[in-house]
Amino acid sequence: MGQSHQDQEFAPNKHGSYGALLFDKRWKDKRSIILTRDLNQCVICGLTDNLQVHHRQYHYLTALKKFKAPWQYSDKTLITLCNSCHQRGHSKFKVPIIKI
Ligand SMILES: [Zn+2]
Ligand SMILES: [Zn+2]
């Protein structure tokens, strides 16, 4: 369940193993900053279990021809969601890809 989500979250990157990046210390640090900021609860329903950090947009670096690493996003593009709100969000909305 967690695994399939992670594949979905970072689906824009077709070139590398984005999944492996989720185990990177830089992502873990970033994730914990966002969770703390959001008081360790889903910003939609307030649930405190199965929390995931969601990217509200993906940034494609045209000069480098690749997506940003997950931890390179500013805090305001990241929000804490519980698993069910997260899955629901992804099924309803497509995450916009911003070319920069
Ligand atoms: Zn929720
Ligand atoms: Zn997401």
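Q: Which strand is joined to β1, and by how many bridges?
A: In this predicted model, β1 is joined by five bridges to strand β4, which covers residues 78–82, and the two run antiparallel. Strands are DSSP runs of E with at least two residues, helices are H or I runs of at least four, both numbered from the N terminus, and two strands pair if DSSP finds at least two bridges between them.

Q: And what stands opposite H54 there?
A: Opposite H54 stands I79, which belongs to β4.

Q: Is β1 buried or exposed?
A: Five of the five residues of β1 are buried, so the strand is largely enclosed by the rest of the structure. Buried means under 20% relative accessible area (1.4 Å probe, protein chains only).

Q: Which way do its residues point?
A: L51, V53 and H55 point one way from β1, while Q52 and H54 point the other way, and all of them are buried. In a regular strand the side chains alternate between the two faces of the sheet.

Q: New topic: what coordinates the zinc ion?
A: The zinc ion (ligand 1) is coordinated by the SG atoms of C42, C45, C82 and C85, at 2.3 to 2.4 Å, where donors are N, O and S atoms within 2.8 Å of the metal (3.2 Å for Na, K and Ca).

Q: What is the geometry of that site?
A: The site of the zinc ion is tetrahedral, with angles of 105 to 118 degrees among its four donor atoms; four donors count as tetrahedral if all angles lie between 85 and 135 degrees.

Q: How are the donor residues spaced in sequence?
A: The spacing of the donor residues of the zinc ion is C-x2-C-x36-C-x2-C. C42 lies in the loop between α3 (25–37) and β1 (51–55), whereas C85 is in helix α4 (residues 83–92), so the pair ties together parts that are 43 residues apart in sequence.

Q: Are C42 and C85 buried or exposed?
A: C42 is buried, with a relative accessible area of 2%, and C85 is buried too, at 4%.

Q: How is everything numbered, and which atoms count?
A: Residues are numbered from 1 along each chain as its sequence is written, with chains lettered from A and ligands numbered from 1 in the order written. Local features need pLDDT of at least 70 and side-chain atom pairs 80 or more, while totals for chains, interfaces and linings use all residues, and side-chain values use heavy atoms, without hydrogens and water.

Terms used:
Four donors count as tetrahedral if all angles lie between 85 and 135 degrees; four count as square planar and six as octahedral if opposite donors are over 155 degrees apart and all others between 65 and 115; anything else is irregular. Buried means under 20% relative accessible area, exposed over 50%, partly exposed in between (1.4 Å probe, protein chains only).
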